[in-house]
Amino acid sequence: MAEVQFRFRDDEPVADPGVTVDAFGDQTNAAAVRLEPGDDARDLLPHLARIKLVEVNFPVFGDGRGYSSARILREAGYTGELRAVGELLVDQLAYMRRCGFDAFAPDSALDPADAKAAFDRYGEVYQPTTDGRAPIWAKRHAGTANG
Amino acid sequence: MYQYDTYDQAMVDTRVEEFRDQVRRRLEGHITEDQFKPLRLMNGLYLQLHAYMLRVAVPYGTLSGAQMRMLGDIADKYDRGYGHFTTRQNIQYNWIKLEEAADILADLATVEMHAIQTSGNCIRNTTSDQYAGAAADEIVDPRPYAELIRQWSTFHPEFSFLPRKFKMAVIASDTDRAAMRLHDIGIQIVKSAAGEIGAAFYVGGGMGRTPMIAPCINEFVPIDQMITYSEAALRVYNRHGRRDNKYKARIKILVHELGKDEYTRQVEAEFAHLLTQNIEPPLAELERIKGFFADPAFEVGVPDEVDRSDPDFALWVDNNCVPHKQPGYIAVTISLKPVGGIPGDATGEQIRVMADLAARYSFDELRVTHTQNIVLAHVKKADLYALWQVLDANGLSTPNLDQIGDIIACPGLDYCSLANARSIPIAQKISQRFAGREQEIGELKLKISGCINACGHHHAGHIGILGVDRKGTENYQLSLGGCEGADTSLGQITGPGFDEEGIVDAVQRATDFYLANKQDSERFLDTYRRLGMAPFKEAIYG
Ligand code: HEM
Ligand code: SF4
């Protein structure tokens, strides 16, 4: 299992590797689960209360299904660790962070300075997500209804 | 037209810095070409046969004079003095050096332009009607809705690694001038019986190797839910679109394989969920954007007549100008298709001339059309002759809008690494062969692609030409009866292909047959639709 290189949480990391979604249904004591790109994140929704870690695998960087998986979990109120694993590139980190990932375990370690620059680069965003950052339209219309 | 505020400007400026950094990491070897590729692609930078190609976004095809002037200057400073306007209302430069790409982006940023998401598997530039704001038949100006989509889709965190590229178009009249139903999502802004504005969603159109016409999946999404609905449509695609085969990865395949009803059901379920997430910009944001697209200060009581005493001018007016909603004004199309020219190409100097004309005669605004021409949307009829004289002096007065010389052609084998055959020389030969006969033949939309990817829209051509590779030699397939617009249809292949000379002859046999058999004022397409393929085939193959 690749090392967690970046983590944006204060709680103790879960040590157990995530079990597959199939196994997870049967192992009622498992607290860590691993989502492959083809898995349906919504299968986990009934069990969110007992999950402490979801690993979302990106076997190739171009397969973007994991971004949707992450948002679906966060939109459903999941607050545990959401860890991106696999082929992660520097230029994807900020997008992943916005989709709700708060831990990153890239197959090959990233240059820390490049990664920090990537996390911090965009001071503004156009879309709201569950990360709580106010989108540009909200700043433009601060004080108006729905803004 | 839309103007950036400090937020929009910050996004674009940050992008320039990010791209500079990406190029640096590539040049220093921190990332491989494989890893760099998706990054440069998301900045519109392609590696082509001879050099890098940079594609610059022109959101919904609308430009200010200053932006247009910058495009001309970039052509001279970084390219070989040309820019190439594309079917997606953008502009491409074919001779770019990697080391200079970030400087070009920085120059563009000074006039609120960029190359963000002009390629890559993300949401591309949203296109629209080139006569927006001028057309008499529009319900509203579609561009504010396209601008709302531009902002929503820019750096969308969830949809930047889609199965495949994603193209959207927005129109707001029943006459479709943007090939809306040939897009991944086509939106028609509509008005309900109660007078409410909404968005009709057409999903799953496209060209490429499996051309499909998008079905309507929702006839009326309330306008203050349009972004949420788009997000739902995209999420279903991002999760379930095929990733095993890049030729089956477009949303049209998903919609086709699931069936329209099942896809729609999934979108509606996702939509119901996303409505709880409050992701829709407030109507106040739409109103703010609309403010930028208010009608310009049209003069009233100006003459509505055009002095037609110069016959060359009169011919051009008849062919290249269309009625305007405002009395005394007219919308002008500048053809970038001179006889024997490269479709869509303009020199740096011509681009600046058009910028100046826009400043003088059209409220400082221009449009790029999906047929690779330029529109000045709001010209006073009283100024038309003076405008035409300047165009004429600069090789920009070809009177052939929607005629056989007004060809759409992709870059083909002259530039493109995916091409089977050359497109540009075929376009040049056809336009030379039919020079002087264009009026007689009338409306005839001819479109050429150099391979099955269909960048030249050949499926939608009244006459379509597709370059194929036959045993290592260039060969051309002919199709007839394609059409974009309200009555969208896809062309049918006539039969065996032709070589370079043969294809030009075949086009001539098809048009000769049409002229001999047309009834009344039928266009080529009408005659084809009435008679069907068989007699045309007979005429072409003898
Ligand atoms: C020279 C470099 C170019 C390359 C490598 C390229 C590549 C491609 C590819 C691979 C496709 C097929 C995508 C698919 O079906 O999934 C495609 C489609 C398309 N391209 Fe290009 N293209 C190039 C230039 C252009 C230009 C210059 C234009 C505009 C004149 C253009 C407009 C389009 C359009 C309209 C489509 C069809 C969109 C659709 O399938 O819905 N491309 N291109
Ligand atoms: S149609 Fe083919 S040859 Fe033409 S530009 Fe597109 S990919 Fe290249």
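Predicted model: local features only at pLDDT ≥ 70, side-chain atom pairs only at ≥ 80, totals over all residues.
**Stop 1: the domains.** Colour chain B by domain. Domain 1 covers 6-109, domain 2 covers 142-291, domain 3 covers 311-393 and domain 4 covers 408-541.

**Stop 2: domain 1 against domain 3.** Show these two parts of chain B. Their C-alpha centres are 27 Å apart. Domain 1 of chain B brings 23 residues to the contact, and domain 3 of chain B brings 22 residues. About 1,800 Å² is buried between them, with 58% of that area from carbon and sulfur atoms. Now select M68(B), R69(B) and F85(B). This trio supplies 32% of the area that domain 1 of chain B buries against domain 3 of chain B, more than any other three residues.

Stop 3: Three salt bridges join domain 1 of chain B and domain 3 of chain B. Zoom in on D76(B) and R352(B), whose side chains form a salt bridge at 2.7 Å, N to O. The two domains also have 14 residue pairs in polar contact.

**Stop 4: the domain 1 face.** Switch to cartoon. β3 (62-64), α3 (65-78) and β4 (82-85) of chain B each give two or more residues to the side touching domain 3 of chain B. α3(B) gives the most, with eight residues. By type, this side of domain 1 of chain B has eight nonpolar, 12 polar and three charged residues.

**Stop 5: ligand 1.** Select the shell of 24 residues; T87(B), K165(B), M207(B), R250(B) and C455(B) come nearest. The shell comprises nine nonpolar, nine polar and six charged residues. Which side chain places an N or O atom 2.9 Å from a ligand 1 oxygen? That of R250(B). Polar backbone atoms also face ligand oxygens: M207(B) at 3.2 Å and G208(B) at 3.4 Å.

Conventions. Residues numbered from 1 in each chain as written. Chains lettered and ligands numbered in written order. Heavy atoms only, no water. Near = heavy atom within 4 Å. Polar contact = N/O pair within 3.5 Å; in protein donor to acceptor, adjacent residues only side chain to side chain. Nonpolar A, V, L, I, M, F, W, Y, C, P; charged D, E, K, R; others polar. Domains from an automatic or database assignment. Contact = heavy atoms within 4.5 Å. Buried area = accessible area lost by both parts, 1.4 Å probe. Salt bridge = Lys/Arg side-chain N within 4 Å of Asp/Glu carboxyl O. Helix = DSSP H or I, 4+ residues; strand = E, 2+ residues; numbered from the N terminus.
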